Amino acid sequence: MGEAVAIGTRRWRFHGGLKLRHWKTLSLERTLATCPLPERLVVPVGQQRSGAPVPCVRPGQLVARGEAIALPSSPDDVALHAPAAGTVRQIAPAPVIGRGATEAPCITIDVDPDGPDAFLSPITPWATTAPAALRTRIREAGVAGLGGSLVPTAGKIDAAGDSAPTLIVNGAECEPYIACDEAQMLAGPERVLLGAQIIARAVGAAQVILAIEDERPELAERLAESAASLGDAAPAIVTVPTVYPEGGEKQLIRVLTGLEVPGGGTPLDLGLLCLNVGTVAAVHDAVVEGRPLISRVVSVTGRGFGAPRNLEVAIGTPVAWLAAQAGGYTDAIRRLVMGGPMMGVPLAHDDVPVTRASNCILGLIAEDITPTAPELPCIRCMECVRVCPAQLLPQQLFWHIRAGSYDQAANHALADCIECGCCAQVCPSQIPLVDYYRHGKTELAAQRVEQERATVARLRFEARSARLDRQEAARRERLEAKQQKLRSARDRKAEIAAAVARARARKQGNDEDL
Amino acid sequence: MALAIVVIAALLGLGLGFAATRLPEDEDGVVASIDALLPQTQCAQCGYPGCRPYAEAIASGTAEINQCPPGGEAGVAALAELLGREPVPLDPAFGEAGPPLVARIVEDRCIGCTLCIQACPVDAILGAAQRMHTVIEAECTGCELCLPPCPVDCIDLVEVPRAGGVHVLPRPEIPIRLEARG
C-alpha cells in the first residue's frame with residue numbers, strides 16, 4: 001500500500017476523452033423526489049461480482065422494510081435488505097439487466113405500504129464512535145459501490161485499514177444525461193459531506209476532498225455553503241475540467257494527482273480511497289439513521305419522458321413504474337436505455353427492475369439517435385487511439401478479437417478497457433468497438449473457466465491413472481508372492497521325493513550286497 | 001575481416017550442429033505443452049486412452065493432430081500453431097465436435113452395478129455396489145465412456161451451457177449504435 005498522496009491545487013489531464021454536450025438540466029429542473037412504492041418489487045440477488053448472496057427468506061414470509069433478505073456467501077459480499085415491507089411472493093429467476101446476464105434469481109415482494117420498518121439502531125454521536133464500529137455498521141447495512149461497480153464498500157474500507165489514505169468522493173458525473181449524484185448533492189449536500197466525514201473517521205483519512213465538474217457552478221455554490229456551515233472538518237470541494245470520462249475512477253485520480261493507478265491494481269496502491277457520492281450518502285444513512293441500502297437515486301431523463309426528473313427509488317422497482325412517475329413516455333420516444341448514452345444498455349422492454357447499479361433510465365427520441373449504419377472496414381485512422389482514456393490500442397484490440405485471437409487481445413490489456421465508448425463514438429467506420437470488447441472480455445472469462453475445468457479433469461485423470469497403476473503393481477506383487485510360495489512348495493516336494501529315491505536306492509544296494 | 005566472419009560463422013555452425021545432435025530434446029516439455037492444449041475430456045475418441053497418452057503419441061509422431069473431436073477445429077489450430085505445422089481439418093473418422101455434455105444417471109433404473117464407476121476416467125461417478133450411483137456434474141467431462149458398460153442403459157448425456165453458464169456476450173454481427181450525441 002502506498003503512502004497517501006496529498007491533493008494540491010494543481011490539476012493534470014488524462015489522455016484522450018471527449019467533450020460532450022451536457023443534458024443534465026433536463027432532469028434537474030425538478031427537485032429530487034421519492035418515488036412512490038409499486039405494488040410489487042423484484043430484487044435481483046445475483047448482482048454481486050463475487051458469488052451471489054443467498055436468500056434467507058421463504059415465499060409467503062412477511063418481511064419488514066430494511067430486514068435482511070439475502071445473506072453474504074463470502075466476506076467479499078454484503079447482505080441485501082428488503083426495500084419495502086410486505087410478503088415474499090416468490091424466489092425465482094426473472095429478467096434483469098446486468099453485465100451479460102439476461103436473467104437472474106430474484107426475490108419478489110408484494111409491497112405492504114403500511115408495513116413496519118426494521119432499521120438498525122442509529123449510531124450517535126458518530127464522531128466519538130470507534131472506527132471499527134463504523135466499519136461494522138457499513139458492512140451490516142450492505143453498502144456497495146453505487147457508481148455501478150457494486151463493490152462492497154466495507155471491503156474497500158477494510159482494505160484501506162488504518163493506512164490513513166486520502167479520501168476522494170467522486171461527484172464528477174460525466175455521462176451527458178446522468179444527474180443522480182448532482183440531484184442528491186443539491187437536495188441534501190450535508191448528507192454527502194457528513195457521509196464523507198464518517199468514512200474519513202472509519203479509515204483515519206488524512207485528507208478528504210469532493211470532486212465535481214467545473215461546469216456546475218450552482219452545485220459548487222450549494223456545496224460550499226453547506227461545507228462552510230460544517231466548519232473546518234468539512235471536505236474540500238474541488239472542481240475538475242468537464243471531459244468525458246472524467247468520472248472514471250482512474251481518470252479522476254489522474255486529473256487530481258497526476259498519478260496512474262497501476263494495471264490490475266487499485267487506488268489504494270497510491271494511498272487513495274475513491275468512493276461515489278451515492279455510496280457516501282448511503283454510508284451517512286446507515287450510520288446516522290440506521291438505514292440499510294434499500295434505495296438509490298435514479299435519473300429518469302431524456303426527451304422521451306414527459307417530465308424527466310431524479311427519483312429516490314426502492315431497489316427492485318420496475319422500470320415501467322418509474323417511467324410513469326416521470327410523466328410517462330412521450331410519443332416521440334424511440335429508444336429506452338438503462339444507464340447513460342455512452343455506456344448504457346438498451347432495453348427491449350420495461351419489465352425489468354432497477355438494481356443497485358442502475359443510475360439512469362434514458363428515453364431517447366429519433367433526433368438523439370445516430371441512424372444505424374453498416375460497419376465499414378477499419379482504415380487505421382488512429383482516432384480511437386487518440387481518444388482512449390485508458391491509453392490502449394483500440395484498433396489492435398478490435399483486430400485481435402475479430403480474428404478470434406483472444407489471448408492477443410488480453411496481451412494488449414483488454415482488461416484495462418473501461419468500456420467508456422469514446423472509441424466507438426469517434427470511429428469513422430461505425431465499428432461497434434465496445435461490443436467487440438465486451439464480447440472479448442466475456443469470451444476470455446468463459447475460456448478461463450474452461451481452462452480451470454480442464455485442469456481439474458487432468459489432475460483427476462492423472463490421480464486415477466496413478467491409483468490404477470498402484471493397484472496393478474500391488475496385484476502383481478501378490479501374484480508373484482503366491483507363485484513364489486507355490487514354487488517353493490513344489491521344490492520341497494521334489495527334494496523329499498529325491499531323498500526318498502536316494503534312500504530307496506541305497507536300501508536296494510544294501511539288499512544286493514547281502 | 002572476411003576471414004574473421006568466416007571463422008565466426010564456422011564456430012557458430014559447429015556449435016549449433018553439436019547442440020542439435022548431442023543435447024537431449026525436452027520430450028516431457030513438449031508432451032506437457034501439447035497436453036495443455038487438449039480439452040482433457042479423457043474421452044479416448046482419438047484412439048488413445050486419455051489426453052496425456054494422445055499428447056505423447058503426437059510428440060512421438062505416431063498420431064496426427066486432427067484426432068480430437070472435443071477440441072474441435074480451434075484445438076487443431078492451436079496444436080498446429082504450437083508444433084509449427086499446417087492446420088488440417090478434423091478427421092471425421094474419430095467423431096465430430098459437439099456441444100458440451102454431462103452424464104446424468106436415471107435414478108429409477110440404476111441397479112448399483114459399479115460398472116460406470118470403473119469406466120469413468122476422471123472419477124466423477126459416486127456410488128457403491130447395490131447403491132444408487134450419481135454423477136458429480138462439476139467434474140464430469142461428458143466423455144460418454146460410462147454409456148457402453150451400463151447394463152440397464154440408465155445414463156443419459158444432457159447438453160449443458162458452456163463454461164458452467166458464464167454468459168458470453170455475442171460477437172457483434174449486426175452493427176447497432178445506441179449512443180446519442182450531444
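Visitor: Which residues in α4(A) meet Val277(A), Gly278(A) and Ala281(A) in α8(A)?
Guide: Bear in mind that this is a predicted model. Val277(A), Gly278(A) and Ala281(A) are the α8(A) side of the contact. By class, the whole contact has four nonpolar, two polar and one charged residues. On the α4(A) side, the residues are Cys180(A), Asp181(A), Gln184(A) and Met185(A).

Visitor: How is α4(A) set against α8(A): parallel, antiparallel, perpendicular or oblique?
Guide: Two packed helices are described by the angle between their axes and the distance between the axes. Here α4 (residues 180–187) and α8 (residues 277–289) of chain A have axes 9 Å apart and an angle of about 45°. Angles under 35 degrees would count as roughly parallel and 65 to 115 as roughly perpendicular. The angle of about 45° therefore makes α4(A) oblique to α8(A).

Visitor: What are the edge strands of the six-stranded open sheet in chain A?
Guide: The pairing is mixed, and the order runs β1-β14-β13-β17-β15-β16. An edge strand here pairs on one side only. That picks out β1 (33–34) and β16 (345–346) of chain A.

Visitor: Which strands of that sheet does α4(A) touch?
Guide: α4(A) packs on the sheet, and its direction makes about 115° with that of β13(A). The strands touched are β13 (295–301), β14 and β17 (360–365) of chain A.

Visitor: At the β1(A) end, which residue stands opposite Thr34(A)?
Guide: β1(A) is joined to β14 (residues 309–314) of chain A by two bridges, and the two strands run parallel.

Visitor: What does Arg335(A) pair with in β17(A)?
Guide: β15(A) and β17(A) share five bridges in the antiparallel sense. In that pairing, the bridge partner of Arg335(A) is Leu364(A).

Visitor: Which element gives the most to the side of chain A that touches chain B?
Guide: In the contact, 42 residues of chain A meet 29 residues of chain B. The elements of chain A giving two or more residues are β15 (333–338) and α14 (433–513). With 17 residues, the one that gives the most is α14(A).

Visitor: In chain B, which residue just after α4(B) takes a positive phi?
Guide: α4 (residues 72–83) of chain B has twelve residues and reaches 17 Å, close to the 16 Å expected. Just after α4(B), a positive phi of about 65° belongs to Gly84(B).

How values were computed. Residues are numbered from 1 along each chain as its sequence is written. Chains are lettered from A and ligands numbered from 1 in the order in which they are written. This is a predicted model: local features need pLDDT of at least 70, side-chain atom pairs count only at pLDDT 80 or more; totals for chains, interfaces and linings use all residues. Axes are lines fitted to C-alpha atoms, for helices over the stretch in contact, and angles run from 0 to 180 degrees between N-to-C directions. Helices (H or I, at least four residues) and strands (E, at least two) are DSSP runs, numbered from the N terminus. Angles under 35 degrees count as roughly parallel, over 145 as roughly antiparallel, 65 to 115 as roughly perpendicular and the rest as oblique. Two residues are in contact if their C-beta atoms, placed from the backbone, lie within 7 Å. Ala, Val, Leu, Ile, Met, Phe, Trp, Tyr, Cys and Pro count as nonpolar, Asp, Glu, Lys and Arg as charged, and the others, Gly among them, as polar. Two strands pair if DSSP finds at least two bridges between them. The expected span of a helix is 1.5 Å times one less than its number of residues.
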